[in-house]
Amino acid sequence: MRIADVLSNKGAAVATISPEATVSQLLAGLHEMNIGAMVVVGSEGLAGIVSERDVVRKLHERGSSLLAQPVSEIMTTVLATCTPRDTVDHLSVLMTENRVRHVPVLDGGRLAGIVSIGDVVKTRMEELEAEQQQLQAYITQER
């Protein structure tokens, strides 16, 4: 299965935030949308990604004053990305090797979506269920 299929099932909407927004604003957005990460988009385009984990780790290091700091202070700027043409298996390897849970999808340099580890697991579970149904149908057909 391709990433384009995952996006067509889940939707291509991407929660974004500006690099100038505060960490407190980021947390409010994550809570409001019930998500774990946001793509950071500035005037130059894709600038990074920031997750709940980034906030927790930096909060531990810097204390509560971090909440007033801009997202640009804690975002990850070296991104693992994929394209709609990549396979889910390729993305699984990419996520594992880079130890990331959210990967922006770029199509011709344009932000086309985001895929989370939860999306990958859901897709794989659906594939396994379909295979099981096909095997059961084949077995019962043979009798």
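Let's start with Lys58, which counts as partly exposed at 24% relative accessibility. This is a predicted model, by the way. Lys58 has a partner in Glu61: their side chains meet in a salt bridge, at 3.7 Å from N to O. Why are Glu61 and Lys58 separated by about one helical turn? Because they sit three residues apart in helix H3, which covers residues 52-62. In general, an α-helix has 3.6 residues a turn, so residues three or four places apart point the same way. Glu61 is exposed, with a relative accessible area of 56%; exposed takes over 50%, so Lys58, at 24%, stays in the partly exposed class.

## One more pair, in H5

Over in helix H5 (residues 117-142), Arg124 and Glu127 are three residues apart, so about one helical turn separates them. Their side chains meet in a salt bridge too, at 3.1 Å from N to O. Arg124 is partly exposed, with 36% relative accessibility. How many salt bridges does the structure hold? It holds six.

## The two sides of H1

Helix H1 runs from residue 3 to residue 10, and Ile3, Val6 and Leu7 are buried in it. They cover an arc of only 95 degrees around the axis, which means they lie on the same side of H1. Turn to the other side of H1 and you find Ser8 and Asn9, which are exposed.

## A hairpin from E2 and E3

Strands E2 (residues 37-42) and E3 (residues 45-51) run antiparallel and are joined by six bridges. Together E2 and E3 make a hairpin, with two residues between them. If you want a spot to look at in the pairing, Val41 stands opposite Leu46 in E3.

## Two pockets

The largest pocket holds about 540 Å³ of space. Its lining has 20 residues, and those nearest its centre are Ser51, Arg53, Arg99, Val100 and Arg101. Which element gives the largest share of that lining? H3 does, with four residues. At least two residues each come from E3, H3 and strand E4 (102-107). Sorted by class, the lining of the largest pocket has nine nonpolar, six charged and five polar residues.

The second largest pocket contains about 230 Å³ of space. Among the residues lining it are Lys10, Ala13, Val14 and Ala15, along with Met33, Ile35, Gly36 and Ala37. His102, Ile114, Ser116 and Asp119 line the second largest pocket as well. By class, this lining divides into seven nonpolar, three polar and two charged residues.

How values were computed: Residues numbered from 1 in each chain as written. Predicted model: local features only at pLDDT ≥ 70, side-chain atom pairs only at ≥ 80, totals over all residues. Heavy atoms only, no water. Buried < 20%, exposed > 50% of the residue type's maximum accessible area, 1.4 Å probe, protein only. Arc of directions from axis to C-beta. Pairing = 2+ DSSP bridges. Salt bridge = Lys/Arg side-chain N within 4 Å of Asp/Glu carboxyl O. 1 Å grid on protein atoms, 1.4 Å probe; cavity = no way out; pocket = protein on both sides within 12 Å on 5 of 7 lines; lining within 4 Å. Points joined across faces, edges and corners; volume = space filled by probe spheres on them. Nonpolar A, V, L, I, M, F, W, Y, C, P; charged D, E, K, R; others polar.
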